Amino acid sequence: MGLLIIFLLTCAALPLASSDPNDEACLTHLSESLKDPAKNLQNWTKSTFANPCSGFTSYLPGAICNNGRIYKLSLTNLSLQGSISPFLSNCTNLQSLDLSSNSISGPIPQDLQYLVNLAVLNLSSNRLEGEIPPQLTLCAYLNVIDLHDNLLTGQIPQQLGLLARLSAFDVSYNKLSGPIPAYLGNRSGNLPRFNASSFEGNKDLYGFPLPPMKSKGLSVLAIVGIGLGSGLASLVLSFTGVCIWLKITEQKMAAEEGKSSQFMPEY
């Protein structure tokens, strides 16, 4: 009986189970990098980060737990500002990240490549800048990449076409340029295909499945024609000018000869 009492007292003295330290670091840094002017994340405090999950129960709004680990983060349409912390990669059990419909700026961190279990990445309708990191290809389980309605620049990484599980892809209405990777625009076999709506709204992006780019301004033939025409016109004007100059010079010489003959001595 005495041993049982000692055991129970010992268990009572033990600290409550805490979250994975990686999850705690992930949530702490993400909270610090985001700004919450509408106070929608008031419960996102350091004390909660130390123990955000109890089995499948989450103590954080916008978070879903699985076996004591952060499994999904869905912070959509919360008027959030700031940037995406690269330490988000510490949430190594994360399978879905949805930060859509906010005002988050800055780049997409390359460190997201370490979220090897990530299946859904939705960062649409924000103010994200910079290039799409090709390192996202290392997230081999990605099913969804939705980056539409941002300020992303540069080319679409060719490597993203190698994601065999990718079934939804949208980079429309950014500032992307260059050719659409063949493995994304013209997928073959049983791989899901993406239509023009996935790429539209990028002025300098081209290639299938987008329609052919409309010619801007005058066509090459028109430019050549104008060039030849202007060259011919210049040639005609120059030739006419020379003829007039020669005619005037000839008349002056004749007049001078007439004047000179009046004073020439006769032999």
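**Strand pairing and burial**

Reply: Strand E10 (residues 127–130) and strand E12 (residues 151–154) run parallel and are joined by two bridges, where pairing requires that DSSP finds at least two bridges between two strands. This is a predicted model, in which local features need pLDDT of at least 70 and side-chain atom pairs count only at pLDDT 80 or more, while totals for chains, interfaces and linings use all residues. Residues are numbered from 1 along each chain as its sequence is written, and side-chain values use heavy atoms, with hydrogens and water left out.

Me: Which residue in E12 is the bridge partner of Glu-129?

Reply: The partner of Glu-129 in E12 is Leu-151.

Me: And what does E12 pair with in E14's direction, parallel or antiparallel?

Reply: E12 pairs with strand E14 (residues 175–179) in the parallel sense, over two bridges, and Thr-153 stands opposite Lys-175 of E14.

Me: How many helices and strands does the chain have?

Reply: The protein chain has five helices and 15 strands, taken as DSSP runs numbered from the N terminus (helices H or I, at least four residues; strands E, at least two).

Me: Changing topic, is Ser-96 buried or exposed?

Reply: Ser-96, which lies in strand E7 (residues 96–98), is buried because its relative accessible area is 13%, and buried means under 20% with a 1.4 Å probe, counting protein chains only.

Me: What is Ser-96 in contact with?

Reply: Leaving aside neighbours within four places in sequence, Ser-96 is in contact with Tyr-71, Lys-72, Leu-73, Leu-118 and Val-120, contact meaning heavy atoms within 4.5 Å.

Definitions and conventions:
Buried < 20%, exposed > 50% of the residue type's maximum accessible area, 1.4 Å probe, protein only.
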